[in-house]
Amino acid sequence: LQDELNKSHAVAMEKTQQLYGEIFRTTRVLNSMLEGVIAVDSSFRILSANPAAQALLMMSAEPKPGRLLVELVRFPKLISMLEQTLKSQRKLEGDVE
């Protein structure tokens, strides 16, 4: 039983390291992009936002995960477009002023 637990622990640790590596690489790519990228959940809570998005949308505070997008971004048209996208599950393009 101890051997099986040790093997399971080793597998779990390896998977954890792989996930951390993927998160690190993804974060590095997003942070180096010139385009603004924001990930939100279905309640418009921020999952992540890269520095370009923060600058582009003139966010009023640090976009910490879990904060509502409407608390940080004052572009009603953007919020409306996000709502439409979530409802339709389709790509939507447009200008936000």
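These are my notebook entries on a predicted model of one protein chain.

**Ground rules.** I noted that residues are numbered from 1 along each chain as its sequence is written, and that side-chain values use heavy atoms, with hydrogens and water left out. Since the model is predicted, local features need pLDDT of at least 70 and side-chain atom pairs count only at pLDDT 80 or more, while totals for chains, interfaces and linings use all residues.

**Entry 1, the fold.** I looked up the secondary structure and found four helices and two strands. These are DSSP runs numbered from the N terminus: helices are H or I with at least four residues, strands are E with at least two. Along the sequence I read the pattern α-β-β-α-α-α. The radius of gyration is 18 Å, well over the 13 Å that the globule rule gives for 97 residues, so the chain is more spread out than a compact globule. The radius is taken over C-alpha atoms, and the rule is 2.2 Å times the number of residues to the power 0.38. I also looked up the span of the C-alpha trace along its principal axes, which is about 60 × 30 × 25 Å.

Buried means under 20% relative accessible area, exposed means over 50%, and partly exposed lies in between, with a 1.4 Å probe and protein chains only. The accessible surface comes to about 7,600 Å², and carbon and sulfur atoms hold 57% of that surface. Areas come from the Shrake-Rupley method with a 1.4 Å probe; for residues, only the protein chains shown count as cover. Among contacts with a separation of 6 or more, 14% are between residues 24 or more positions apart. A contact means heavy atoms within 4.5 Å.

I looked up the 12 positive and 12 negative charges, and their mean positions are 3 Å apart. Lys and Arg count as positive, Asp and Glu as negative, and His and the chain ends are not counted. Each charge is placed at NZ of Lys, CZ of Arg, CG of Asp or CD of Glu.

The largest nonpolar core has 10 residues: Ile-46, Ala-49, Leu-57, Met-59, Leu-69, Leu-72, Val-73, Phe-75, Leu-78 and Ile-79. Strand S2 (46-49), helix H3 (69-72) and helix H4 (76-88) are the elements that give it two or more residues. Such a core is a set of buried Ala, Val, Leu, Ile, Met, Phe, Trp, Tyr and Cys residues joined through side-chain atoms within 4.5 Å. In soluble globular proteins, nonpolar side chains tend to be buried together. I then checked Leu-78, which is in contact with Leu-57, Val-73 and Val-96, leaving aside neighbours within four places in sequence.

I found Arg-67 in the loop between H2 and H3. At 29% relative accessibility, Arg-67 counts as partly exposed. Not counting residues up to four places away in sequence, Arg-67 touches Phe-44, Arg-45, Ile-46, Ala-61, Glu-62 and Leu-72. Leu-78 is 11 residues from Arg-67 in sequence and 16 Å away in space, C-alpha to C-alpha.

Most residues other than glycine have a negative phi. I noted Phe-44, with a positive phi near 65°. Phe-44 sits in the loop between strand S1 (38-40) and S2, and at 13% relative accessibility it counts as buried. Gln-89 also went into the notebook, with a positive phi near 60°. Gln-89 is in the segment after H4 and is exposed, with a relative accessible area of 64%.

Ala-55 lies in helix H2 (residues 51-56) and counts as exposed at 56% relative accessibility. Its C-alpha is 8.2 Å from that of Gly-36, 19 residues apart along the chain. Glu-71 is in helix H3 and is partly exposed, with a relative accessible area of 34%. Lys-77 is in helix H4 and is partly exposed at 47%. I looked up Lys-77 and Asp-95 as well: they are 18 residues apart along the chain, and their C-alpha atoms are separated by 8.6 Å.
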